[in-house]
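Please look over the sequence and the model before reading on.

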Amino acid sequence: MDNEPESASQNTNKEGRETVDLKWGIYIDITYCKSIHGILTAAITIISLIGFICLSAGRANIYCDAVYGSGYSFYGFVSMSDFLTGLINYIIYVLVLYEKIIFKFVPWKIWDLIWSSVWSFFYFIASILVAVQACGQAGNAAAAVFGFMALGLHLAMAYFSFKAWREERSQPGGVTGPQATSSPPEYSAEKNFEQY
């Protein structure tokens, strides 16, 4: 007897992805889970959650929380919003939802680059705030360490996203639309007038 459910079957599709088919035309992309991008996204998501948990444990001292609460709250905002954003990104990539009609027009490589760059900056500020204002709490010190780890992971993600974006743009046919034309479009006052 097979231990695998009837609704899921593993195969390799025409793009060379190892997938597990689910219902309604949705499948899990195992190849993405094993890729650098997938591993970095999963690691960022997990590290962000651990950092938030450590910060929450370190806020037990009422005096420190009253004095440095705004810095702790900023770190909590950064880590939890990064956790949620990373989780949503991971789900979109693992379930290959980015190829569906709603998400098809989003430039995902640029989105990853912007997401990683912005959160690198946020983690830099938030981790320094928590490290300086640790107030002798081990949870706050651990949150700062996990914040710097998330910063490093986001910098790596930004590097690989930029590299992937540059490779996509350098391939023939990689860029479509107005950027793909090598010469500027011809302008004619008569054609312009005829359109209106």
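The side chains of W115 and D82 are joined by a polar contact of 3.3 Å (a pair of N or O atoms within 3.5 Å; within protein, one must be able to donate a hydrogen and the other to accept it, and residues adjacent in sequence count only if both atoms are side-chain atoms). The model is predicted, and local features need pLDDT of at least 70, side-chain atom pairs count only at pLDDT 80 or more, while totals for chains, interfaces and linings use all residues. Residues are numbered from 1 along each chain as its sequence is written, and side-chain values use heavy atoms, with hydrogens and water left out.

**W115**
- W115 is found in helix 4 and is buried, at a relative accessible area of 1% (buried means under 20%, exposed over 50%, partly exposed in between, with a 1.4 Å probe and protein chains only).
- Apart from neighbours within four places in sequence, W115 is in contact (heavy atoms within 4.5 Å) with T41, I44, D82, T85, G86, N89, H154 and M157.
- W115 and M157 are 42 residues apart along the chain, and their C-alpha atoms are separated by 9.2 Å.

**Helix 2 and helix 4**
- Helix 2 (residues 36-58) packs with helix 4 (residues 108-132) at an angle of about 25 degrees, and the axes are 13 Å apart (axes are lines fitted to C-alpha atoms, for helices over the stretch in contact, and angles run from 0 to 180 degrees between N-to-C directions).
- That angle makes helix 2 roughly parallel to helix 4, a term for angles under 35 degrees.
- On the helix 2 side the contact is made by H37, T41, I44, S48 and L55, and on the helix 4 side by D112, W115, Y123 and V130.
- Five of the residues in this contact are nonpolar, three polar and one charged (Ala, Val, Leu, Ile, Met, Phe, Trp, Tyr, Cys and Pro count as nonpolar, Asp, Glu, Lys and Arg as charged, and the others, Gly among them, as polar).

**T45**
- T45 lies in helix 2 and is buried, with a relative accessible area of 8%.
- The T45 side chain reaches the backbone oxygen of T41 at 2.8 Å.
- Not counting residues up to four places away in sequence, T45 touches F83, G86 and L87.

**Whole chain**
- The chain has six helices and three strands (DSSP runs numbered from the N terminus: helices are H or I, at least four residues, and strands are E, at least two).
- Along the sequence the pattern is β-β-β-α-α-α-α-α-α.
- Of the 196 residues in the chain, 32% are buried.
- Among contacts between residues at least 6 apart in sequence, 64% join residues at least 24 apart.

Terms used:
Parallel < 35°, antiparallel > 145°, perpendicular 65-115°, else oblique.
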